[in-house]
Amino acid sequence: ATKGDIEASIRAVEKFAGSNQWLKVMGGRKSRLLADCVLPHDRIVEFGTYIGFSSLVLVRRQRQLQGRGRVITCEADPAFAFVARQVLAWAGAA
């Protein structure tokens, strides 16, 4: 994915997850369901970030709605938190 391209980053994670069964992300219908719940000015707190995929979906939706909402995500595992920070920064969502 190109740096700063949230859409391409989401597609890259979905593609990687599809070819590697050990990586569990909420793609497809579940991802669309999550995005459909977002309103433009929502302040969202996510507990359990894993690699940041759901956060990417939430941020993308808020941008599509041109809202001024915010997504805050929390991860207890330092390794997952590190990976999520990198994924979110690469996608331009940090």
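Ser 54 lies in helix α3, where helices (H or I, at least four residues) and strands (E, at least two) are DSSP runs numbered from the N terminus. This is a predicted model: local features need pLDDT of at least 70, side-chain atom pairs count only at pLDDT 80 or more, and totals for chains, interfaces and linings use all residues. Residues are numbered from 1 along each chain as its sequence is written, and side-chain values use heavy atoms, with hydrogens and water left out.

**Ser 54 and its surroundings**

- Ser 54 comes out as buried, at 16% relative accessibility; the cut-offs are under 20% relative accessible area for buried, over 50% for exposed, and partly exposed in between (1.4 Å probe, protein chains only).
- Which residues is Ser 54 in contact with, once neighbours within four places in sequence are left aside? They are Met 26, Leu 34 and Glu 46, with contact meaning heavy atoms within 4.5 Å.

**The salt bridge**

- Search the whole structure and you get one salt bridge, meaning a side-chain nitrogen of Lys or Arg within 4 Å of a carboxyl oxygen of Asp or Glu.
- The partners are Glu 7 and Arg 60, whose side chains meet at 2.8 Å, N to O.
- Glu 7 sits in helix α1 (residues 6–19) and Arg 60 in helix α3 (residues 53–64), so the pair ties together parts that are 53 residues apart in sequence.
- As background, side chains of opposite charge can pair when their charged atoms come close.
- Glu 7 is partly exposed, with a relative accessible area of 30%, whereas Arg 60 is buried at 16%.

**The aromatic pair**

- There's one aromatic pair in the whole structure; rings of Phe, Tyr and Trp (its six-membered ring) pair if their centres lie within 6.5 Å, and planes under 30 degrees apart count as stacked, over 60 as edge-to-face and the rest as tilted.
- Tyr 50 and Phe 80 make up this edge-to-face pair, at 4.8 Å centre to centre and 75° between the planes.
- The pair links distant parts of the chain, 30 residues apart: Tyr 50 is in the loop between β1 (43–47) and α3, and Phe 80 is in helix α4 (residues 78–91).
- Tyr 50 counts as partly exposed at 24% relative accessibility, and Phe 80 also counts as partly exposed, at 32%.

**Lys 24 in its loop**

- Lys 24 lies in the loop between α1 and α2 (28–36).
- Is Lys 24 buried or exposed? Lys 24 is exposed, with a relative accessible area of 60%.
- Lys 24 and Gly 52 are 28 residues apart along the chain, and their C-alpha atoms are separated by 11 Å.
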